[in-house]
Amino acid sequence: MRFIGFRFKRPFTVVSVLYCGKLPQNSNKEGPVKAKILLLIVIALGLVSILAGESKTRDADSSAKVERGKYLVENIGMCGDCHTAHNEKGEPIKEQWLKGTELPFKATVPMPWADKSVNIAGLPGWEHDAAVKFFMTGIAYNGLPARPPMPQYRYNRQDAEAIVAYLKSLAPAK
Ligand code: HEC
């Protein structure tokens, strides 16, 4: 469990930390039960505030990951060149983004070749770990590389995970 979310700026946390410090002097014989209940409430509020902070940090982490993946897909891997259908002006069709298409070019020498790319929006059929491995090694879950012209990428783990997070985020809402 990480405590990145623990920030003294959060009002509840400040209150609970103050109380934790002050209570031994404040609690006298008349009101120890009351004080204990108050302490419990304050601690609970503090915990809620810490957990809320953590989940916020986690959300920010995962949206940064998706952003990074989008950048790698759109600007580095250029996946859309082959995985998106293009119109007659050669522009990618937005509605078809990464949904797979017939390739508009062919090999000039005899070689293994795939004429069509596959739908990768949402990465249907790919387990997270298998997809990460594929983008790190070029080897798919069946133990084989994809046929050319699909490049055998060698992204590092962090980048491969970002790409998978981005592609999975394109899954159609269920
Ligand atoms: C130069 C064209 C090209 C580029 C660029 C390209 N792909 Fe592909 N990709 C293909 C083709 C063609 C196939 C189908 C290969 C086959 O059927 O064997 C494919 C297959 C795949 C598959 C399925 C592999 C399998 O074995 O089932 C995934 C996943 C994939 N691409 C993801 C990506 C991602 C992500 C990027 C960008 C980081 C990308 N591709 C860039 C052409 C390309």
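Mentor: We may begin with helix length. The expected span of a helix is 1.5 Å times one less than its number of residues. The 13 residues of H5 should therefore span 18 Å, and its end C-alpha atoms are 18 Å apart, in agreement. Helices are DSSP runs (H or I, at least four residues), numbered from the N terminus. This is a predicted model, in which local features need pLDDT of at least 70 and side-chain atom pairs count only at pLDDT 80 or more, while totals for chains, interfaces and linings use all residues. Residues are numbered from 1 along each chain as its sequence is written.

Trainee: At what angle do H2 and H5 pack?

Mentor: Axes are lines fitted to C-alpha atoms, for helices over the stretch in contact, and angles run from 0 to 180 degrees between N-to-C directions. H2 and H5 pack at about 95°, with axes 7 Å apart. H2 is therefore roughly perpendicular to H5 (65 to 115 degrees; under 35 is roughly parallel, over 145 roughly antiparallel, and the rest oblique).

Trainee: How is H4 placed against H5?

Mentor: Helix H4 (residues 128-137) and helix H5 (residues 157-169) pack at about 125°, with axes 9 Å apart, so H4 is oblique to H5. Their contact (C-beta atoms, placed from the backbone, within 7 Å) includes Phe 135 of H4 and Ile 163 of H5.

Trainee: Which residues of H5 are buried?

Mentor: A residue is buried if 20 or more other C-beta atoms lie within 10 Å of its own, exposed if 12 or fewer, and partly exposed in between. Among the buried residues of H5 are Ala 160, Ile 163 and Leu 167. Their cover includes helix H2 (32-76) and H4.

Technical notes. Helices (H or I, at least four residues) and strands (E, at least two) are DSSP runs, numbered from the N terminus. Two residues are in contact if their C-beta atoms, placed from the backbone, lie within 7 Å.
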